[in-house]
Amino acid sequence: MAKKESVAEKAKDKKENPKQADDSGKLSPVDFVKETQGELGKVVWPSRQQLISESAAVILMVVLVATIVYLVDNLFVWISGKVF
């Protein structure tokens with residue numbers, strides 16, 4: 001069973017991390033923007049070459065799957081035409 005956090009521990013956490021949202025769950029817009037900028041600074045953005053190669057791979061896979069679905073659909077249409 002999980003241990004319930006005491007009032008003293010909550011107060012200690014609040015003192016150690018003042019940017020943390022209060023008990024009501026509200027965060028000021030200024031703090032939100034600052035924290036968002038901080039998090040975006042941690043993002044590892046892909047290089048142009050990596051972006052192009054991965055985009056090409058995604059487009060190729062989409063075309064391949066769409067072609068397979070098209071061919072299977074036409075196969076079922078042909079089979080149903082022969083049966084009925």
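Which backbone oxygen does the side chain of Ser 53 reach? In this predicted model, in which local features need pLDDT of at least 70, side-chain atom pairs count only at pLDDT 80 or more, and totals for chains, interfaces and linings use all residues, the side chain of Ser 53 reaches the backbone oxygen of Gln 50 at 3.1 Å. Such a polar contact is a pair of N or O atoms within 3.5 Å, where, within protein, one atom must be able to donate a hydrogen and the other to accept it, and where residues adjacent in sequence count only if both atoms are side-chain atoms. Ser 53 lies in helix H3 and is partly exposed, with a relative accessible area of 38% (buried means under 20%, exposed over 50%, and partly exposed in between, with a 1.4 Å probe and protein chains only). Residues are numbered from 1 along each chain as its sequence is written, and side-chain values use heavy atoms, with hydrogens and water left out.

The secondary structure comprises three helices and zero strands, in the order α-α-α from the N terminus; helices (H or I, at least four residues) and strands (E, at least two) are DSSP runs, numbered from the N terminus. The mean pLDDT, the predictor's confidence in each residue on a scale from 0 to 100, is 84 for the protein, and 71% of its residues reach 70 or more. Confidence is lowest in helix H1 (residues 7–16), at a mean of 57, and highest in helix H3 (residues 48–83), at 97.

Of the 84 residues, 0% are buried, and the protein exposes about 8,100 Å², of which carbon and sulfur atoms supply 66% (areas come from the Shrake-Rupley method with a 1.4 Å probe; for residues, only the protein chains shown count as cover). A nonpolar surface patch with about 1,300 Å² of accessible area together includes Met 61, Trp 78 and Phe 76; patches are made of residues with over 30% relative accessible area and no salt bridge, like charges being joined within 9 Å and nonpolar side chains (Val, Leu, Ile, Met, Phe, Trp, Tyr) within 5 Å. Phe 76 is placed in helix H3 and counts as exposed because its relative accessibility is 55%.

One salt bridge (a side-chain nitrogen of Lys or Arg within 4 Å of a carboxyl oxygen of Asp or Glu) is found in the whole structure. Glu 39 pairs in a salt bridge with Lys 42, the closest N and O atoms being 3.2 Å apart; Glu 39 is partly exposed at 47% relative accessible area, whereas Lys 42 is exposed at 60%.
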